[in-house]
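Have the model open in a viewer with residue selection ready. The stops below follow one another as selections.

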Amino acid sequence: PLTDDDLERLKDIAFGTCTNCRRCTINCPMGVDTATLNRMMRGLLSNVGVMPEGVRVVSKDQWEIGNQMGVLKEDYLDTLEWMSEELEEELGHDKAAIPIDKAGAKVAYAINPREVKYDPRTIKKAALIFYAAGEDWTMASAGWDQTNFGLFSGDDNLGGVCGKRVYEQVAELGSERLVISECGHGYRSTRHEAVNWSGHPVEFVMESSVFTMLRYIKEGRIKVDKSRNKEPVTYHDSCNLARSCGVYEEPRELLSLVVEDFREMTPNRTENFCCTGGGGAMSMSEYTPRRLVSGSIKAKQIADTGATIVATSCHNCVDGLSDVIKHYKLGCRVEQLVDLVANALVLGETERAAAEEAAERAVAEVTRAAEGLPLAGRKVLVVDDEDDVREFLTTVFADAGATVISAAGGAVRFGQPKVLLPFL
């Protein structure tokens, strides 16, 4: 590249035409690791300040704030407290509260910042599983972000710093094991790559929560009932977890224990296709139209299974798959393995009764609220990202005489409703 225009064209190639999924690497007859070469090219571009704006912003947040989504410490701790309170209400006691900075805890749990910002329920479900297993565990107040944008940008310095923060925090807590929540690139970066980028010694075991949950079931530490997950489920292999880390069979073994109807995509494992969100693509909005066009092959893979749930073990894949499902109107949804395991979890009779009672109270409160409103002849908008919540609220309000419009989120195109009810 001799000019700025050349650099911009190279940026478009390195960031905008490849998610570093390594499928071509596995199939290359000459053994060329194209993804590694592409990451090197990204690193050279990043070193001279040429990168998509989204990558720049996320990298800056990870450098300066300590996590890729710029979540402030007080917001992180507030979210953990909120999830603890929900568990306490659902179980009828506070024994499942999320421990923070517990010195000497055997297990330290690190997460993806997306969980704090967009999906805190995954934290609550993991906490419930740890509690049911009788685990001695904790979450750190700092160094809790197991994701690493250094992998995507090609910046080894950033990659090393991100990994070192996690390693130092686990060592300071004195934990024997680091459990990494479901994130393909987070697991790859923390478990494999950042050890080399940082040069930091690691004297504790590191594993994906997929291994942890599977071990709990096989050791009899938690009990599950697969009949609680009756819908047909298929599994999407995260490129980083599968092709780059060799994790193929453990997720399938776990699914065989917690769901009744499991269906493989074709192709799968090594030959599976990317969700379109890999390589940091979810942060590069300028390439969204391009990746959704390429996502047609992923859409066909999913549709051919007839599954209503696409399970995956990666937060980037959750977003990438959700975009593909919405764009191609596939009529299914994405869940992570922690969702399915938590749903299949068999708790003690007292706790199960308390959870059911809490659910019944919530239903009764919403029903009373609806009955007390003049809904006959009115139009009500119900917005929630959970299908069962939308179905329940739609039924309640329709029974009260309202015309109901429902949406999972985003812009509503059906006209302005007369009543907007902010139920959560």
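Start with helix α11, residues 209-218: seven of its ten residues are buried, so the rest of the structure largely encloses this helix. The model is predicted. Colour Ser209, Val210, Thr212, Met213, Leu214, Tyr216 and Ile217 to see the buried residues of α11. After α11 comes Gly220, with a positive phi near 80 degrees.

Next, select the open sheet. Four strands make it up, in the order β7-β6-β8-β9, and the pairing is parallel. The edges are β7 (261-263) and β9 (333-336); each has a single partner strand, so one side of each lacks a neighbour in the sheet. From one strand to the next, the twist averages 35 degrees. Within the sheet, pick β6 (residues 232-235) and β8 (residues 309-312), which pair in the parallel sense over three bridges.

Helix α12 (residues 249-258) lies across β6, β7 and β8 and runs at about 170 degrees to β6. Helix α15 (residues 315-327) lies across β8 and β9, at about 170 degrees to β9.

Arg333 and Glu335 form a salt bridge whose closest N and O atoms are 3.0 Å apart. Arg333 is partly exposed, at 24% relative accessibility, whereas Glu335 is buried, with a relative accessible area of 17%. Then select Asp237, Glu249, Arg252, Glu264 and Arg269 together: salt bridges that share partners join these residues into one network.

Move to helix α14, residues 296-305, and select Thr305. Is Thr305 buried or exposed? With a relative accessible area of 10%, under the 20% cut-off, Thr305 is buried. A polar atom of the Thr305 side chain lies 3.1 Å from the backbone nitrogen of Ala307. Not counting residues up to four places away in sequence, Thr305 touches Thr234, Arg263, Glu264 and Met265.

An α-helix has 3.6 residues a turn, so residues three or four places apart point the same way. Lys300 and Asp304 form a salt bridge, with the closest N and O atoms 2.8 Å apart. Both residues, Lys300 and Asp304, are exposed.

The structure holds 30 salt bridges. For another of them, select Lys125 and Asp339, where the closest N and O atoms are 2.9 Å apart. This pair links distant parts of the chain, with Lys125 in helix α7 (residues 121-132) and Asp339 in helix α16 (residues 337-344), 214 residues apart. Lys125 is partly exposed, with a relative accessible area of 24%; Asp339 is buried, at 11%.

For the last stop, go to the loop between β2 (137-138) and α8 (150-153) and select Ser141. Ser141 counts as buried, at 12% relative accessibility.

Definitions and conventions. Residues numbered from 1 in each chain as written. Predicted model: local features only at pLDDT ≥ 70, side-chain atom pairs only at ≥ 80, totals over all residues. Heavy atoms only, no water. Helix = DSSP H or I, 4+ residues; strand = E, 2+ residues; numbered from the N terminus. Buried < 20%, exposed > 50% of the residue type's maximum accessible area, 1.4 Å probe, protein only. Polar contact = N/O pair within 3.5 Å; in protein donor to acceptor, adjacent residues only side chain to side chain. Contact = heavy atoms within 4.5 Å. Pairing = 2+ DSSP bridges. Axes fitted to C-alpha atoms, helices over the stretch in contact; angles between N-to-C directions. Salt bridge = Lys/Arg side-chain N within 4 Å of Asp/Glu carboxyl O.
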